[in-house]
Amino acid sequence: MVRVGLVGIGFMGWIHYLAYQRSAKAELAAFCSRDAAKRAGDWTSIKGNFGPPGEHISVQELRVCETLGEMLANPDIDMIDICLPPHMHVAAACEALAAGKHVLCEKPLGLNTVQCDEIMHAANKAQRKVMVAQVLPYMGEYQYLFQAASEGRYGRPISGCFKRIISPPDWIPDFYDPHRVGGPLIDLHVHDAHFIRLLFGMPHRVMCLAEMHDGVVKYCQTLMEFQDRRVSVSTSSGVIDQTARPFCHGFEVQFEKATLQYELSALADGADIFPLKVLHKHGAIERPTLAVGDEVGAFAAEIDDAASAIATDKPALRLDGHFARDAIHICQCLQKSAEHRHWI
């Protein structure tokens with residue numbers, strides 16, 4: 001059993017805490033917080049845009065620390081799970097790696113490739129793993145799509161359209177600050193950029209047409225071109241001002257032998273779901289049955305994958321830090337393309 005220390009007791013820290021309660025391969029052994037109430041187990045101030053609100057937790061079986069340094073001094077901890085705000089990732093990850101701990105870091109790995117490279121260099125120096133919690137490939141329909149591509153179930157993927165749109169994220173302070181959160185590309189579109197990197201490889205060049213907010217992409221339409229000119233990917237991503245649809249995401253991915261479709265829209269009065277379908281070449285429609293679960297279950301699967309990677313010393317492809325770094329590079333290129341309005 002991999003023993004874990006959690007740093008960052010906010011919304012994502014709470015979701016990870018719930019996931020550890022379901023994990024079969026990792027045990028939450030410690031957490032650190034500067035907040036005295038949270039150290040005492042009062043997490044009721046935590047709220048987010050999915051999952052249950054924070055509750056009172058039992059700290060009796062946990063090592064409770066005030067600082068990361070205090071937690072890193074515990075030789076029984078194998079991995080540090082970083083759920084801090086994005087601008088704090090690089091310092092916390094490098095400190096944990098230098099202390100000989102493996103790292104699981106919530107997305108994004110860094111706000112730019114310079115920060116990502118600093119973390120990856122620290123991992124190489126310490127000979128420890130850096131894994132990034134890009135949870136999308138563990139979620140229902142996206143996991144089915146990822147596994148289909150990995151197995152070559154329908155041949156190779158040759159084109160894709162992806163969508164990820166939210167209403168204004170008023171719960172995130174400094175959302176458009178490139179030095180603290182990064183805006184929609186780094187905080188939101190990075191999910192699809194990472195998933196596209198997994199399915200199609202690294203784009204050769206990108207084009208982004210966007211509405212801007214203080215110089216940062218707010219809402220965009222993108223095209224991605226690959227070395228194989230037969231492959232193309234487009235995306236719609238960002239923030240719209242209308243609040244009747246707080247969130248939507250989906251995809252249509254064409255393989256050589258089938259096309260996979262899915263979309264979900266969370267609405268002010270409920271949700272509209274366009275269930276996953278596999279459209280086969282000769283007119284047959286398949287409606288795959290997916291395992292029933294919730295968002296926390298996807299995070300638990302992600303944590304189990306990280307623990308297995310440590311226990312077996314084998315890479316976990318969906319968590320690989322290099323792919324997470326590539327996703328940030330794609331997002332940076334999209335930002336540049338939006339600024340200059342040409343291919344990058």
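Which residue lies over the face of phenylalanine 274? Lysine 277 does, at 4.1 Å from the ring centre. This is a predicted model.

## Charges over rings

Arginine 205 returns below, in a salt bridge with glutamate 225.

## Aromatic pairs

The model has 13 aromatic pairs. In one of them, the ring centres of tyrosine 142 and phenylalanine 195 lie 5.5 Å apart. Their planes stand at 90 degrees, so the pair is edge-to-face. Tyrosine 142 belongs to helix α6 (residues 140–151), and phenylalanine 195 to helix α7 (residues 183–200).

## Salt bridges across the chain

Side chains of opposite charge can pair when their charged atoms come close. The structure holds 18 salt bridges. One of them joins arginine 22 to aspartate 294, with the closest N and O atoms 2.9 Å apart. Arginine 22 sits in the loop between α1 (11–20) and β2 (26–32). Aspartate 294 sits in the loop between β14 (285–286) and α8 (295–312). The partners are 272 residues apart. Arginine 22 is partly exposed, at 46% relative accessibility. Aspartate 294 is also partly exposed, at 37%.

## Salt bridges at the strands

Glutamate 225 and arginine 205 form another salt bridge, their closest N and O atoms being 2.8 Å apart. Glutamate 225 is in strand β9 (residues 216–225), while arginine 205 is in strand β8 (residues 205–213). They are 20 residues apart. Glutamate 225 has a relative accessible area of 16%, so it counts as buried. Arginine 205, at 30%, is partly exposed.

Strand β9 also carries lysine 218. Lysine 218 forms a salt bridge with aspartate 241, and their closest N and O atoms are 2.8 Å apart. Aspartate 241 lies in the loop between β10 (232–239) and β11 (247–255), so the pair ties together parts 23 residues apart in sequence. Lysine 218 is buried, with a relative accessible area of 9%.

## A linked network

Which residues are linked in a network of salt bridges? They are Arg156, Asp228, Arg230 and Glu256.

Technical notes:
Residues numbered from 1 in each chain as written. Predicted model: local features only at pLDDT ≥ 70, side-chain atom pairs only at ≥ 80, totals over all residues. Heavy atoms only, no water. Phe/Tyr/Trp six-rings, centres within 6.5 Å; stacked < 30°, edge-to-face > 60°. Helix = DSSP H or I, 4+ residues; strand = E, 2+ residues; numbered from the N terminus. Lys NZ or Arg CZ within 6 Å of the ring centre and 35° of its normal. Salt bridge = Lys/Arg side-chain N within 4 Å of Asp/Glu carboxyl O. Buried < 20%, exposed > 50% of the residue type's maximum accessible area, 1.4 Å probe, protein only.
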